[in-house]
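Hi there,

Have a look at it first, and my notes follow below.

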There are 2 protein chains.
Amino acid sequence: MCGARDIRLFLPYLLRMIRARPYDRDVALDAALSLFWRKGYHATSLKDLEGALQMKPGSIYAAFDSKHALYLSVLERYFLRSRGELKALRERPGPILQGLADHLRAVARREADDPARSACMLVRTMLDATAGEAELGARARGYLDAIRAEIEAAFRKAQENGELTKAQDPARLAQRYQSNMTALRIEAHRGLDDAALIALAEEMAQEVEALRPN
Amino acid sequence: MCGARDIRLFLPYLLRMIRARPYDRDVALDAALSLFWRKGYHATSLKDLEGALQMKPGSIYAAFDSKHALYLSVLERYFLRSRGELKALRERPGPILQGLADHLRAVARREADDPARSACMLVRTMLDATAGEAELGARARGYLDAIRAEIEAAFRKAQENGELTKAQDPARLAQRYQSNMTALRIEAHRGLDDAALIALAEEMAQEVEALRPN
DNA sequence: TTGGCTGTTGAGCGATCACTCAAATCGGAT
DNA sequence: ATCCGATTTGAGTGATCGCTCAACAGCCAA
């Protein structure tokens, strides 16, 4: 009996929780992600963010605390998506090595189609972070490590499935795979023509496929 | 007879030309190179430069015109040194492939020893350059292209020397070599431990050596 | 010495930076 | 209709940005 009253009591707060905000946090974060990814941390000003997020400075600070904190949120968002892609790849049925190889091909194709090609945001953040924003660099490194761990897990699973010999070292293969991916995306950023970009990815992909013992 | 007078006439100007400047241009440029390389274009302020160059703003502008122009000078300096290393490599006696492979090993060792590891300045500049400084990006790309051309010339010479089969494509080999070098130096910047860094370079180097037909 | 030219100085310019806060605005409960 | 509290607003904060320039210092010829 007092249950009903309790619900009535908390209803306003529940409603408030789902009350439509004047801005959509996800949309705003995506806009910030796109902007920061394209321009980098230092070159992006609050004015730029105001335009991209369609929010006034006060609202931005109420919602995200600071430019620094917003960048961290955005970076985490980027990381979660990147790792998500890899997790999906590992949990997919079929040979793991094939999935890893195809991922390289897919990234190259995606970049080739994208008119605004841009290298990995984690790498860019790491390269950009100076002593003044040491935390940004540390975060980016941490995320890159987590992604490498994800790749290593994939190679390890491939090894369990007999797609690799016991002598091959998943940690080292993951290291090389990530280096290749980084290089591939930097070449995309550089503006390498589509054919060469896809050929480069193909070369890397075949090296992954060639790991399989026959 | 009028020759002597001419010399006497121009002597002041000749002396002025070699007159010791209050600052040493080469030293100043090296200091700027080090600073810009470490902090990047956007994160480096005039105050930082004043400190590093030991020059007041007026002198900096008298000598280098602007922060932008100074960065361009410094970038060219960096490029010339990088290309110089490769040119030396190509003109050295002995097998070219061996030289290219050893260069990868040497870079890894150099980075491992360097406490302030830093990725290639041209790559960093390219990744950092926004629409506002499109020229910086274009310059960096141009320099990277020139370096790739240098690598390609090395592979081509190796091919002429019979170190490569006729079927192998120097352009593509150069592309991959440069990608590997980029990735290697980014891993160095990332803070990859010395052993792993050197192992990564070794793997890349052996792939170059394996190109040789036997 | 003196005059003249070169190169240095550093206070200070307007613009822009990240950021704040008092006032206006809005949705929902009464 | 009226009020309340949450949210948005945007002019404005001090700090710092890249950069300028009138005044000054040092050197050499005369």
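How much area do chain A and chain B bury between them, and what percentage of it is on carbon and sulfur atoms? The answer is about 3000 Å², with 52% of it on carbon and sulfur atoms. Please keep in mind throughout that this is a predicted model.

**The interface**

Let me stay with the contact for a moment. Chain A brings 33 residues to the contact, and chain B brings 33 residues as well. On the chain A side, the residues that lose the most area to chain B are Leu127(A), Arg176(A) and Arg190(A), which together account for 27% of what that side buries.

Arg190(A) turns up again among the charged pairs: its side chain forms a salt bridge with that of Asp145(B), at 3.1 Å from N to O. Between chain A and chain B the count is eight salt bridges, and 26 residue pairs are in polar contact across the interface, both residues of each pair being at pLDDT 80 or more.

Which elements of chain A give two or more residues to the side that touches chain B? They are helix 7 (121-128), helix 8 (134-160), helix 9 (170-190) and helix 10 (194-209). Helix 9 of chain A supplies the largest share of that side, 12 residues. By class, the chain A side divides into 12 nonpolar, nine polar and 12 charged residues.

**Salt bridges elsewhere**

Over all chains, the search finds 40 salt bridges. One of these links the side chains of Glu135(A) and Arg139(A), at 3.3 Å from N to O. Both residues of this pair belong to helix 8 of chain A, where Glu135(A) and Arg139(A) sit four residues apart, about one turn of the helix.

**The largest pocket**

The largest pocket holds about 890 Å³ of space. It is lined by 43 residues, and the closest to its centre are Trp37(B), Tyr78(B), Glu111(B), Ser118(B) and Arg185(B).

Both chains take part in the lining: helix 8 of chain A gives two or more residues, and so do helix 2, helix 5 (67-91), helix 6 (96-113), helix 7, helix 8 (134-160) and helix 9 (170-190) of chain B. Helix 9 of chain B gives the most, with seven residues. The pocket lining has 21 nonpolar, 10 polar and 12 charged residues.

**Cavities**

How many cavities of 30 Å³ or more does a search of the whole structure find? There are five, and the largest cavity contains about 70 Å³ of space. Its lining is made of 13 residues, with Tyr41(B), Tyr71(B), Arg124(B), Thr125(B) and Asp128(B) the closest to the centre.

Helix 2 (25-39) and helix 7 (121-128) of chain B are the elements that give two or more residues to this cavity lining. Helix 7 of chain B contributes the most, four residues. Sorted by class, the lining of the largest cavity has seven nonpolar, three polar and three charged residues.

That is what I have so far.

Best wishes

Notes. Residues numbered from 1 in each chain as written. Chains lettered and ligands numbered in written order. Heavy atoms only, no water. 1 Å grid on protein atoms, 1.4 Å probe; cavity = no way out; pocket = protein on both sides within 12 Å on 5 of 7 lines; lining within 4 Å. Points joined across faces, edges and corners; volume = space filled by probe spheres on them. Nonpolar A, V, L, I, M, F, W, Y, C, P; charged D, E, K, R; others polar. Contact = heavy atoms within 4.5 Å. Buried area = accessible area lost by both parts, 1.4 Å probe. Salt bridge = Lys/Arg side-chain N within 4 Å of Asp/Glu carboxyl O. Polar contact = N/O pair within 3.5 Å; in protein donor to acceptor, adjacent residues only side chain to side chain.
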